[in-house]
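Please read this note with the model open beside you, and check each point against it as you go.

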There are 2 protein chains.
Amino acid sequence: MKMEKYLQQVGDEIWFTEIDRDNLKINYRIKEVVYSETSPFQHIMILDSYDFGPMLVLDGAIQSTALDGYIYNEMITHIPLNIHPNPKNVLIIGGGDCGAAREVAKYPGIQRIDMVEIDEMVVKASKKYLKEVSGDLSDPRVNFIFKDGTAFVKEKRDYLYDVIIVDSSDPVGPAVKLFELEFYKDLYNNLHEDGLMVCQSESPFFYPEMMVNIQKRLKSIFPVVKLYMATVPTYPGGFWSFTLGSKKYREPNPEAFDKDTKYVNKGIIKSCFQLPNFVKDLLITD
Amino acid sequence: MKMEKYLQQVGDEIWFTEIDRDNLKINYRIKEVVYSETSPFQHIMILDSYDFGPMLVLDGAIQSTALDGYIYNEMITHIPLNIHPNPKNVLIIGGGDCGAAREVAKYPGIQRIDMVEIDEMVVKASKKYLKEVSGDLSDPRVNFIFKDGTAFVKEKRDYLYDVIIVDSSDPVGPAVKLFELEFYKDLYNNLHEDGLMVCQSESPFFYPEMMVNIQKRLKSIFPVVKLYMATVPTYPGGFWSFTLGSKKYREPNPEAFDKDTKYVNKGIIKSCFQLPNFVKDLLITD
C-alpha cells in the first residue's frame, strides 16, 4: 500500500506525524485516511484518529479535530462578539473548517456572515467529513466567498463590518499575507468606526517573536490592542494566543454571554485576558 | 552504541519518545543523555533536549523541564500558599525535582519545609543536572526525608502542617498509593484545623475519570474541595488540573501575592479557578 505524505505504516498501524518544529514530533495513530487531496493551495487531509476523532490537516499541520476543535473556534469568535455590544455584519477570513462561522451563527442579532476562504476544497471536505466541527451550516446568513482574503479586503463594498475574525493557518504557505501590516490596514478600513478584529497569534511559548510582531503591527493601526489565551491540546505546546485590534471597545461584558458552548463561559471571558508573567513580559506596553 | 530504554538513534540524531497513551507518541530530539539510572523505584533519566533544555524523565514520562517546569511548580505551591493566610509548616510529598520546595522557600514566614520523597536518586540527579528547576536549595528550612510518603503520614509527630502539597507523578508505579482514599485521610489528620492540601489531579482532557475520582475522595473528607487549572506544554494535552482539599479556607487573596515568579501573578491566582464548560461538567456538585 502506498502511504500518503505525512503518514507512516508501522506493522498494521497507520501513524500521522506532525512536525511543527525540527526537534519535536507528535505522532497520532490513525484509524483511516478519510480524505486526501492536493488543492491549488495546499495538501488537505481528513484523518480519523484514535484519540481525537476526525481531524483536518493542512500541509501536515493539524488545524482542527472533532475532540478539541471547539476550543479554538469558540475562543476566536465569542470573545470579540462579546466585546462588541451589537455586532451586525461579521467577516471571517480563513476558517475553512467552518467552526468559526458555526459559532458566529449562534447570534440572532447578526445579519450578515461573510466567510472568505481561499480554498473551497477545505470547506467541502470539512462540511462532508468533519461535521463535529463544521456543524451543518445551513444558516442562510453565511455567504461563502472563495477567494484570497487579502484581495477581498481591498474591494469596494457598500457596507462595513462590525467584527472581522482572521482564522488563518500558520504563517507559512497560503496564510503568510494574512500576517502582514498592509492586510491589517485593509481590515481597519473595512471596519465601522467602532469595529474590531481578532486574529490567532500563535504560541507565546514556541513563537514569541511572531506574537510580538503581530502586536506591533496592530498597535501601529488600532488604538486598542489586547491579547488573550486559551489551551488547545492539539496545537504544539498547548498554549495559544489571540490578538484583538479595536477602534473603540476595550472591555468584555461577561454577564451578557448566554450561548451554548463547550469551552467559553462567563468565567472564561473574564479570565482569558489574565496572562502569565512570561507572556506579560512579551507585551508591548509603550 | 547501545541505546538507553525509551531512546532511539535515527541517523546521527537521538530521539526520546514519550508514550503517555497508546495512540499518541511525542518525540523530543535529544542533545545528550546526561544521566540514566535505575533506582529501586523507577527508571530515572535527565535528558538534555533541543527544545526544552534538560528534562527529568521517570519511567519514560517527562516530569519537569528547564523550559516549562516552573509552570507546574509555581501552580502547585503558590495557589495553596495564597489561600492559607499564614502558613508556617509545609509538607511536600514527592516533588523530587525540588521545584516545589524551591517555590515554598520563597515565603519568609514559613518555618518548616518537610520534603518527603521516596526516591533519593531523583533528588540527587535533579539537584546536580536540573538546576533550572531545582535551584540551589541551600535553604536550611528544607528537610529532605527519603521515605514512602504514605508511611510518613502515618507516623506520630509533635506538630501538624498548615499546607500539604502532593507533588506526585502519574498514578502508575510508585505513586499509585498517593491517589488513594486512605492516604487522603492521613493527610487530613496531619493538618491543623484550618489546614489545606493540594494534589496534581491529571488532565481533564485525557483522564477525566481520574480527576473525578480524586474530587470524590477528597469531598468525602474535606469540607472545601476546589479545582484549578494551568497549561503545561510538556504534559500531554497541555491542560493540567490541581485539586485542593481544605478544612476551612476557601478563597484566594490575590492582592497579597508578591513573589518573584515566571507564571503565577495576581491575575492568574484569580483566573485559574475559572473552568471551561467541559471541565465544569466534570465537577461533582452534590
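1. The largest cavity holds about 480 Å³ of space, in a model that is predicted. On a 1 Å grid over the protein atoms alone, a cavity is a set of points where a 1.4 Å probe fits but cannot get out, and its volume is the space filled by probe spheres set on the points, which are joined across faces, edges and corners. A residue belongs to the lining if it has an atom within 4 Å of a point.

2. Of the 39 residues lining the largest cavity, those closest to its centre are Leu58(B), Gln63(B), Asp167(B), Ser168(B) and Ser169(B). Strand 6 of chain B gives the most to this lining, with three residues; strands (E, at least two residues) and helices (H or I, at least four) are DSSP runs numbered from the N terminus. The lining of the largest cavity divides into 17 nonpolar, twelve polar and ten charged residues, where Ala, Val, Leu, Ile, Met, Phe, Trp, Tyr, Cys and Pro count as nonpolar, Asp, Glu, Lys and Arg as charged, and the others, Gly among them, as polar.

3. The second largest cavity has a volume of about 350 Å³, and among the 20 residues that line it, the closest to its centre are Thr231(A), Tyr263(A), Met229(B), Thr231(B) and Tyr263(B). Strand 12 (224-231) and helix 8 (266-271) of chain A, together with strand 12 (224-231) and helix 8 (266-271) of chain B, each give two or more residues to this lining, which has 14 nonpolar, six polar and no charged residues.

4. How are the two chains related? A rotation of 180° with 0.0 Å of shift along its axis superposes chain B on chain A, with an RMSD of 0.0 Å, and that is the relation of a two-fold axis. The superposition is by least squares on the C-alpha atoms of residues with pLDDT (the predictor's confidence in each residue, from 0 to 100) of at least 70 in both copies.

5. Most residues other than glycine have a negative phi. Cys98(B), although not a glycine, has a positive phi of about 70°; this residue lies in the loop between strand 7 and helix 2 (99-104) of chain B and is buried (under 20% relative accessible area, with a 1.4 Å probe and protein chains only), at 0%.

6. Residues are numbered from 1 along each chain as its sequence is written, while chains are lettered from A and ligands numbered from 1 in the order in which they are written. Local features need pLDDT of at least 70, side-chain atom pairs count only at pLDDT 80 or more, and totals for chains, interfaces and linings use all residues, while side-chain values use heavy atoms, with hydrogens and water left out.

Methods
On a 1 Å grid over the protein atoms alone, a cavity is a set of points where a 1.4 Å probe fits but cannot get out, and a pocket is an open set with protein on both sides within 12 Å along at least five of seven lines; lining residues have an atom within 4 Å of a point. Buried means under 20% relative accessible area, exposed over 50%, partly exposed in between (1.4 Å probe, protein chains only).
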